[in-house]
Amino acid sequence: MRMPILQFDQVTGGYNPRRPVLHGLSFDVRPGEMVGLIGLNGAGKSTAIKHILGLLAPSNGMIRVKGQPLAHSEEAYRRTYAYVPESPLVYEELTVREHLRFAAMAYEVDGARLEKETASLAALFQMENKLDTLPSHLSKGMRQKLMLMAAFLVHPELYLIDEPFLGLDPLGIRALLELLDARKKSGAGILLCSHILSTIEHYCDRFVLLHEGRVLAYGTADELCKQAGLPGAGIEDVFISLVREGNAG
């Protein structure tokens with residue numbers, strides 16, 4: 001078994017060390033697999049992502065990417081992943097094409113590859129006629145597509161994707177799922193946060209169910225079904241059962 005691309009080892013943290021949001025999180029993401037990070041609002045999903053990005057520091061435990069923490073080599077650590085935020089973060093003065101050029105510079109993507117990837121992604125997300133458009137003239141869904149195009153322009157070893165389906169039309173959702181599946185098959189690890197469980201159920205290899213900052217369940221869909229006592233059930237029914245059980249406990 002290959003070494004995980006991302007490891008959480010007993011991570012406790014949050015915005016205030018005296019009031020942690022995360023409590024002893026342990027899970028990993030391996031090359032060539034997609035892990036769904038799921039939970040209710042406020043469960044700690046986005047906080048976990050912020051710790052991976054280095055925006056927050058654990059008060060206890062360790063996060064490693066390719067076996068190394070952020071402090072070992074910040075540049076090498078950050079070049080390992082691409083990140084898609086929940087809300088699009090754009091430069092209002094840059095066109096779609098210029099955003100992609102900016103991303104290419106950050107990851108040292110050469111001009112020929114940039115043009116090839118730009119054409120491919122624009123066609124996939126139906127953005128071919130928007131490449132020279134400023135963000136102020138894009139819909140919310142198109143802004144989200146811009147974020148996705150910038151992330152998938154490069155081929156990192158790890159993708160961190162936070163609620164990517166918000167605002168996307170059905171064709172955009174299908175395009176994204178196909179792209180995620182292709183990158184997974186090429187060997188990338190993917191950590192995907194989403195509330196749309198029925199959409200990701202058949203694409204994720206494992207799930208991490210967070211509840212009140214703790215790992216309530218972790219494993220394949222079948223393993224979560226067994227834990228919930230619902231063999232053969234859908235992941236959404238399993239999720240509801242486990243969370244209700246967690247609230248009752």
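Lys-66 counts as partly exposed, at 39% relative accessibility (buried is under 20% relative accessible area, exposed over 50%, partly exposed in between; 1.4 Å probe, protein chains only). The model is predicted: local features need pLDDT of at least 70 and side-chain atom pairs pLDDT 80 or more, while totals for chains, interfaces and linings use all residues. Residues are numbered from 1 along each chain as its sequence is written, and side-chain values use heavy atoms, without hydrogens or water.

Lys-66 sits in the loop between β4 (60-65) and α2 (74-78) (helices, H or I of at least four residues, and strands, E of at least two, are DSSP runs numbered from the N terminus). The phi of Lys-66 is positive, near 55°, and the residue is not a glycine. Gln-126 is another non-glycine residue with a positive phi, about 55°. Gln-126 lies in the loop between α4 and α5. Its relative accessible area is 49%, so Gln-126 is partly exposed. A positive phi also occurs at Glu-108, which follows α3 and has a value near 60°.

Helix packing was examined next. Two packed helices are described by the angle between their axes and the distance between those axes. Helix α3 (residues 96-106) packs on helix α5 (residues 140-152) at an angle of about 30°, and the axes are 9 Å apart (axes are lines fitted to C-alpha atoms, for helices over the stretch in contact; angles run from 0 to 180 degrees between N-to-C directions). The two helices, α3 and α5, are therefore roughly parallel to each other (under 35 degrees; over 145 is roughly antiparallel, 65 to 115 roughly perpendicular, the rest oblique). Their crossing is right-handed (the near helix is turned clockwise from the far one by less than a right angle; anticlockwise is left-handed).

On the α3 side, the contact uses Val-96, His-99, Leu-100 and Ala-103 (contact means heavy atoms within 4.5 Å). On the α5 side, the partners are Leu-146, Met-149 and Ala-150. Six residues of this α3–α5 contact are nonpolar, one is polar and none is charged (Ala, Val, Leu, Ile, Met, Phe, Trp, Tyr, Cys and Pro count as nonpolar, Asp, Glu, Lys and Arg as charged, the others, Gly among them, as polar).

Five α3 residues are named as buried: Val-96, His-99, Leu-100, Ala-103 and Ala-104. Viewed down the α3 axis, these buried residues fall within an arc of 140°, so they line one face of the helix (the arc is that of the directions from the helix axis to the C-beta atoms).

From α5, Lys-145, Leu-148 and Phe-152 take part in the contact. From α6, the contributors are Gly-172, Leu-176, Leu-179, Leu-180 and Arg-183. By class, the α5–α6 contact has five nonpolar, one polar and two charged residues.

Ala-151 is found in helix α5. With a relative accessible area of 5%, Ala-151 is buried. Beyond four places in sequence, Ala-151 is in contact with Ala-82, Tyr-83, Val-84 and Tyr-159. The C-alpha atoms of Ala-151 and Gly-213 are 27 Å apart, and the two residues are separated by 62 residues in sequence.

Ser-46 belongs to helix α1 (residues 45-53). It counts as partly exposed, at 28% relative accessibility. Setting aside residues up to four places away in sequence, Ser-46 touches Glu-86 and Asp-162. Ser-46 and Pro-85 are 39 residues apart in sequence, and their C-alpha atoms are 9.2 Å apart.

Arg-214 lies in strand β9 (residues 214-219). At 45% relative accessibility, Arg-214 is partly exposed. Apart from neighbours within four places in sequence, Arg-214 contacts His-23, Leu-25 and Leu-209. Arg-214 and Gly-44 are 170 residues apart in sequence, yet 8.1 Å apart in space, C-alpha to C-alpha.
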